[in-house]
Amino acid sequence: MTTTRTRVAIVGGGPAGLLLSHLLHIADIDSVVLDTRTHHQIATTHRAGILEQDSVRLLVDSGASDRVLADGHEHTGIDLRFDGASHRIDFRRLVDASCWLYPQTDVFLDLHASRTRDKGDLRYGIADTEIHDVDDLDDTPHVTFTDSEGLTHRVVADIVVGADGSRSTCRTSIRGASQFFREYPFAWFGVLVAAPPSAPELIYARHQDGFALVSQRTADVQRMYFQCDASEDPATWSDDRIWEQMQTRLSGHDGFELLQGPVLEKAVLPFRSFVQTPLRSGRLLLVGDAGHTVPPTGAKGLNLALADVRVLAEVLERALGKRDLDALSEYSDRALERVWKAQHFSYWMTTMLHRLPETSAFDERRQLSELASIAGSENGAAYLAEGYTGWSNGGRP
Ligand SMILES: Cc1cc2nc3c(=O)[nH]c(=O)nc-3n(C[C@H](O)[C@H](O)[C@H](O)COP(=O)(O)OP(=O)(O)OC[C@H]3O[C@@H](n4cnc5c(N)ncnc54)[C@H](O)[C@@H]3O)c2cc1C
């Protein structure tokens with residue numbers, strides 16, 4: 001067994017794990033990043049696409065990405081579409097803020113390139129990850145794994161960080177944890193299509209048949225979603241059937257035209273709200289989806305992961321750089337303030353825009369009235385704009 005000594009062993013090399021490794025490197029703290037998937041698998045899995053303005057600032061100011069400003073697209077609003085017409089929520093005018101369309105795959109590529117440039121220790125395509133001796137501050141933790149050639153390794157560290165996503169195994173090692181869930185009785189049917197953009201910014205559509213979202217990727221490829229049953233099999237959906245659903249849900253009387261093209265990829269994405277507290281025990285800390293997941297309607301998942309890392313990097317810098325282990329106890333509460341705010345925002349956006357089972361005529365009219373109240377009120381629209389672009393005060397009241 002080969003042994004490597006480092007300060008922080010990071011389980012999970014997605015955006016959260018890589019950004020943490022990058023920020024620790026800037027603080028002169030070395031780390032090892034371990035991931036069961038290969039670089040190719042992560043770089044070709046389409047997920048989130050919207051970055052809050054503080055996420056962009058963090059990537060740019062830390063030197064992880066300047067490409068986001070060159071290749072990303074600044075969005076200064078979204079359209080809420082209901083009753084056959086679009087209503088613009090103008091972020092710039094309402095809260096003087098914006099967000100950026102920049103796919104998660106590009107965030108991953110930038111962070112990976114930056115860690116590679118700085119000679120970071122990244123191990124992809126590994127298996128059998130196990131964490132050991134993380135319970136007490138007196139322990140010396142280590143992580144064992146098997147590499148792609150079948151050789152076993154041990155990484156000995158001061159701290160282990162679980163950045164291993166929504167199916168985290170690290171989270172089971174947090175002592176005294178409570179878990180909070182909300183399951184939703186529907187899913188998203190996500191498609192990548194070869195078509196020109198139908199709109200410059202995202203359209204969130206509520207229709208009596210269910211929710212739909214029109215998003216963008218490039219001049220020739222677009223990302224779209226529509227609400228479906230969680231048991232749908234994407235293989236049984238033809239392009240025609242997919243477009244029929246999208247066209248129906250985007251139909252209206254304001255001249256909007258949804259541009260079609262061949263479907264390149266399709267997948268059903270079940271989703272739920274989940275939080276585990278606390279996010280730390282002993283020498284183990286969780287970041288990103290390992291500690292919490294949100295339904296994607298509010299575009300918060302990736303942003304929350306990056307916001308956790310911002311807090312954790314600062315805490316670890318004090319704990320390891322300045323030998324102040326008490327700093328570790330701050331992390332969970334500080335990160336969870338924002339997490340719960342985002343949980344509420346994502347839940348609110350989801351229930352405002354989706355069709356719930358057994359919806360009555362009363363529920364339909366109440367939902368339309370809620371949307372009209374938001375779109376027709378400066379204060380209501382500003383509330384949405386502030387949450388969507390990210391709370392600039394870190395989520396504190
Ligand atoms: C299918 C899908 C679609 C999504 N779409 C959207 C969207 O449209 N909008 C939005 O805002 N958010 C979306 N999200 C959420 C967003 O992608 C996540 O919030 C974001 O990826 C969180 O980053 P992370 O680094 O915490 O976790 P991840 O990106 O999941 O990274 C975790 C990494 O840990 C690795 N790992 C797991 N187990 C182990 C182990 N035992 N040992 C070593 N490594 C391990 C995984 O291979 C993975 O690379 C989506 C998520 C999914 C799953």
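Okay, one term before we start: a polar contact is a pair of N or O atoms within 3.5 Å. Keep that in mind, and also keep in mind that what we're looking at is a predicted model.

What lies 3.0 Å from one of the ligand's oxygen atoms? That's a backbone N or O atom of A16. How much of the ligand's accessible area does the protein cover? On its own the ligand has 990 Å², and the protein covers 84% of that.

Who else is around? There are 28 residues around the ligand, and D35, R47, Q104, T129 and D289 come nearest. If you sort that shell by class, you get 13 nonpolar, 9 polar and 6 charged residues. Helix 1, residues 15-26, and helix 8 each bring at least two residues to the shell. The biggest giver is helix 8, with 3 residues.

Side chains of opposite charge can pair when their charged atoms come close. This structure has 22 salt bridges, and I'll walk you through a few.

Take K300 and E52: their closest N and O atoms are 2.8 Å apart. K300 is in the loop between strand 21 and helix 8, while E52 is in strand 4, so this pair ties together parts that are 248 residues apart in sequence. Are these two buried or exposed? Both K300 and E52 are buried.

Next up, R93 and E378, whose closest N and O atoms are 3.0 Å apart. R93 belongs to helix 5 and E378 to helix 11, so here the bridge links parts 285 residues apart in sequence. R93 counts as exposed, at 53% relative accessibility, whereas E378 is partly exposed at 47%.

Last one: R67 and D71 form a salt bridge at 3.4 Å, N to O. Why about one helical turn between them? Because they are 4 residues apart in helix 4. R67 is partly exposed, with a relative accessible area of 28%, and D71 is partly exposed too, at 42%. These two also belong to a network of salt bridges that links R67, D71, D106 and D110.

That's my tour, thanks!

Technical notes:
Residues are numbered from 1 along each chain as its sequence is written. This is a predicted model: local features need pLDDT of at least 70, side-chain atom pairs count only at pLDDT 80 or more; totals for chains, interfaces and linings use all residues. Side-chain values use heavy atoms; hydrogens and water are left out. A salt bridge is a side-chain nitrogen of Lys or Arg within 4 Å of a carboxyl oxygen of Asp or Glu. Buried means under 20% relative accessible area, exposed over 50%, partly exposed in between (1.4 Å probe, protein chains only). A residue is near a molecule or strand if one of its heavy atoms lies within 4 Å of it. A polar contact is a pair of N or O atoms within 3.5 Å; within protein, one must be able to donate a hydrogen and the other to accept it, and residues adjacent in sequence count only if both atoms are side-chain atoms. Accessible areas come from the Shrake-Rupley method with a 1.4 Å probe; for residues, only the protein chains shown count as cover. Ala, Val, Leu, Ile, Met, Phe, Trp, Tyr, Cys and Pro count as nonpolar, Asp, Glu, Lys and Arg as charged, and the others, Gly among them, as polar.
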